[in-house]
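Start by looking at the sequence and the structure.

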Amino acid sequence: MFSPWQLAVLFFTGLAAGFVDSIAGGGGLIALPVLLSFGLEPQVALGTNKLQASFGSGSASWHYAQAKTVLLKDCARGFALTLLGAALGALAVQQMNPAFLRRAIPLLLIAVALYTLFRPQLGAHDLRPRMAWGWFDLIFGLALGFYDGFFGPGAGTFWAMAFMLGLGFNMTRATGYSKVMNFASNLGSLALFLHGGNVLFGAGLLMGAGQLLGARFGSRMVIARGTRFIRPIFIAVVFAITLKLLLTRS
């Protein structure tokens, strides 16, 4: 189905998406347009994107856990709730039109970017949590899981902000934990796309191989360099996602 040059493009797209996504989220901004440009139906492109993204978020989660940036025992409840929310979102998106989110989400992303830009100390250090972890998992697991399964752009950004503002995590920890929750939402939504037959395995697995490598490089750079490295990339990715959504809307 794909020519040799297209196979190369798919692999390196996965590599780039995995690298960017492991640092600041937004990998789908790179991967999904490429899949659509090759003529895939939107539902198949979304499902294939979830397959390849699962490799990247899983790889990043593993490396953050190995470096002790993330304690996996703290993620179990949030992981399960996020997976459930994402499955419900993926089920809903196959029945509904997510166009209304294209109008609201850019405004939220702009607010996130400006807040981060004008709060230079945000995520520099761990702070006291503003809410109990159980309530955090219930509220954000279901809500952001559903959002990622239903629409997706900026989910990693919203997760990172939630961890920083809700649980007081520094930006490095927030990035690590957001990848675990992204992995859950990718798996939850992927299950529904698989059930609907909307996944192209060849393309998804090839891109997934690139994602594994890209996520490994990106997560290692975050672990080594910390918040000062993440912050400018985080802000740039948020603005890029916002611009992409606004252009798509127009």
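The largest cavity has a volume of about 50 Å³. A cavity is a set of points, on a 1 Å grid over the protein atoms alone, where a 1.4 Å probe fits but cannot get out. Grid points are joined across faces, edges and corners, and a volume is the space filled by probe spheres set on the points. By this rule there is one cavity of 30 Å³ or more.

The model is predicted: local features need pLDDT of at least 70, side-chain atom pairs count only at pLDDT 80 or more, and totals for chains, interfaces and linings use all residues. Residues are numbered from 1 along each chain as its sequence is written, and side-chain values use heavy atoms, with hydrogens and water left out.

**The cavity lining**

Lining residues have an atom within 4 Å of a point. For the largest cavity they are Asp21, Ile23, Ala24, Gly25, Gly156, Thr157, Ala160, Thr175, Ser178, Lys179 and Phe234. Helices here are DSSP runs (H or I, at least four residues), numbered from the N terminus.

**Helix 1**

Helix 1 covers residues 4-24. Its 21 residues should span 30 Å at 1.5 Å a residue, and the end C-alpha atoms are 30 Å apart, which agrees. The expected span is 1.5 Å times one less than the number of residues. Buried residues (under 20% relative accessible area, 1.4 Å probe, protein chains only) in helix 1 include Asp21, Ile23 and Ala24. Gly25 follows the helix, with a positive phi near 80°.

**The pockets**

A pocket is an open set of points with protein on both sides within 12 Å along at least five of seven lines. The largest pocket has a volume of about 830 Å³. Its lining holds 38 residues, and Gly28, Leu32, Leu46, Phe151 and Pro153 are the closest to its centre. Helix 3 gives the most to this lining, with eight residues.

The second largest pocket has a volume of about 150 Å³. Helix 5 (99-117), helix 6 and helix 7 each give two or more residues to its lining. Helix 7 gives the most, with five. Phe140, Phe158 and Met161 are among the lining residues.

**Lining make-up**

Ala, Val, Leu, Ile, Met, Phe, Trp, Tyr, Cys and Pro count as nonpolar, Asp, Glu, Lys and Arg as charged, and the others, Gly among them, as polar.

| Lining | Residues by class |
|---|---|
| Largest cavity | four nonpolar, five polar, two charged |
| Largest pocket | 17 nonpolar, 16 polar, five charged |
| Second largest pocket | ten nonpolar, one polar, no charged |

Methods:
Buried means under 20% relative accessible area, exposed over 50%, partly exposed in between (1.4 Å probe, protein chains only).
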